[in-house]
Amino acid sequence: MSAFRTLDDAGSLRGKRVLMRVDLNVPMEGGRVTDATRIARVAPTIREVAEQGGRVVLLAHFGRPKGKREAKDSLEPVVPALSEALGRPVAFAADCVGADAERAVAALADGDVLLLENTRYHAGEEKNDPAFADALAANGDVYVNEAFSAAHRAHASTEGLAHRLPAFAGREMQAELDALTKGLEAPSRPVIAIVGGAKVSSKIDLLENLVAKVDILVIGGGMANTFLHAEGKPVGKSLCERDLAETATRIRAAAEKAGCRILLPVDAVVASEFKAQAPHETVSVDAVPEGGMILDAGPQSVAAIEAAIDEAKTLVWNGPLGAFELAPFDAATVAAARHAAARTRAGALVSVAGGGDTVAALNHAGAATDFTYVSTAGGAFLEWLEGKALPGVEALRAKG
Ligand SMILES: Nc1ncnc2c1ncn2[C@@H]1O[C@H](COP(=O)(O)OP(=O)(O)O)[C@@H](O)[C@H]1O
Ligand SMILES: O=C(OP(=O)(O)O)[C@H](O)COP(=O)(O)O
């Protein structure tokens, strides 16, 4: 396997248009960034290139607008947080290709930073369409991929561009891969994985491989609801992908075969509205009312998760156990995070967690700094853990 070309191999970037793919898919509320970790982690690389006199053109996605220009998925509200992290102004262009982008790029002086609008406003992005990748490439002289957390996507801005321009791994891309390899290449067993969150359809398949790699798999959040439904339990109005019941059943069988213990919630905190402080009750997972929504794991489930963490020597975690942004539905996530942090502090656990919202949840719990390593990546981290090649990483490997 050949190595990456890194920024050290890029030569002088003075006066060059540096198309840098970053992941600005950050938690936002009311038009403001609520957790800037992903921004903070790439800011030094942006500054490094700008300080060399490179003209930085940032490419990123936000949400999943599926080729449509949805105002709620604009990257413009990220500009103030980005500018604050960089300590310098950041220009913005209303499109990532075409006349708007061209004009904004042409106006850059050496050391300037420009953010282009959401790449996913164009259907060609997710299709890795050659014509769209060409249109993106027209605005750069070199390409830097600094978006490890989007490296599991073979999209035009994460993969296609690497074949069109001299391509280099960013500092954070390198650092993520180094840290994950160091922390998890030969993990002390037992290994426990916690997988929760809301991206059920895009993450459920990887559980089938994951059960062969870990000893205990805790399933939480929206992912758990899908498994509970597959077992015939009532899930009311909960976030649940009913058509994935068969996949859930298959994963349970794979886990049994691999000797991986699966832990599902036994009790749940249920509300009738997806809202902070919504009236709620704790019920058994056998008794979720028809109009109820599971928004968190209950205390018995938390106790079981904490006991399972105590058995483990290594923890990997992606996806909150509940809707942690809405108090009091953060209780299970906060308790598990603090428990894992305490075990890590005591030297009993290697703990690695990742994902845009998971990092926000760990910060919210005050637990992030105690974890052995916090990755910015969720899905990409899990796919890396499965042993899958990440298209965004593979495309950077030096040829010849
Ligand atoms: N039971 C639940 N019902 C609805 N949403 C949930 C539930 N549990 C977790 N979530 C949501 O999952 C989201 C995070 O999921 P995901 O994007 O998969 O994680 P990450 O960004 O860390 O990879 C959070 O916004 C959280 O509110
Ligand atoms: O937030 C992201 O991933 P994550 O939620 O798994 O951490 C990345 O930006 C990838 O987004 P996507 O899952 O819509 O491709």
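Predicted model: local features only at pLDDT ≥ 70, side-chain atom pairs only at ≥ 80, totals over all residues.
**View 1. Helix H7 packs against helix H8.** Let's start with two helices (DSSP runs of H or I, at least four residues, numbered from the N terminus). H7 spans residues 200-210 and H8 spans residues 221-230. Their axes (lines fitted to C-alpha atoms over the stretch in contact, with angles from 0 to 180 degrees between N-to-C directions) are 10 Å apart and meet at an angle of about 70°. That makes H7 roughly perpendicular to H8, a word used for angles of 65 to 115 degrees.

**View 2. The residues where H7 and H8 touch.** Together they divide into 5 nonpolar, 2 polar and 1 charged. Here Ala, Val, Leu, Ile, Met, Phe, Trp, Tyr, Cys and Pro count as nonpolar, Asp, Glu, Lys and Arg as charged, and the others, Gly among them, as polar.

**View 3. The second largest pocket and its 21 lining residues.** A pocket is an open set of points on a 1 Å grid over the protein atoms alone, where a 1.4 Å probe fits, with protein on both sides within 12 Å along at least five of seven lines; lining residues have an atom within 4 Å of a point. Nearest the centre lie Thr181, Trp384, Leu385, Gly387 and Lys388. H6 gives the largest share of the lining, 3 residues. The lining holds 13 nonpolar, 2 polar and 6 charged residues.

Residues are numbered from 1 along each chain as its sequence is written, and chains are lettered from A and ligands numbered from 1 in the order written. Local features need pLDDT of at least 70, side-chain atom pairs count only at pLDDT 80 or more, totals for chains, interfaces and linings use all residues, and side-chain values use heavy atoms, leaving out hydrogens and water.

Conventions. Parallel < 35°, antiparallel > 145°, perpendicular 65-115°, else oblique. Contact = heavy atoms within 4.5 Å.
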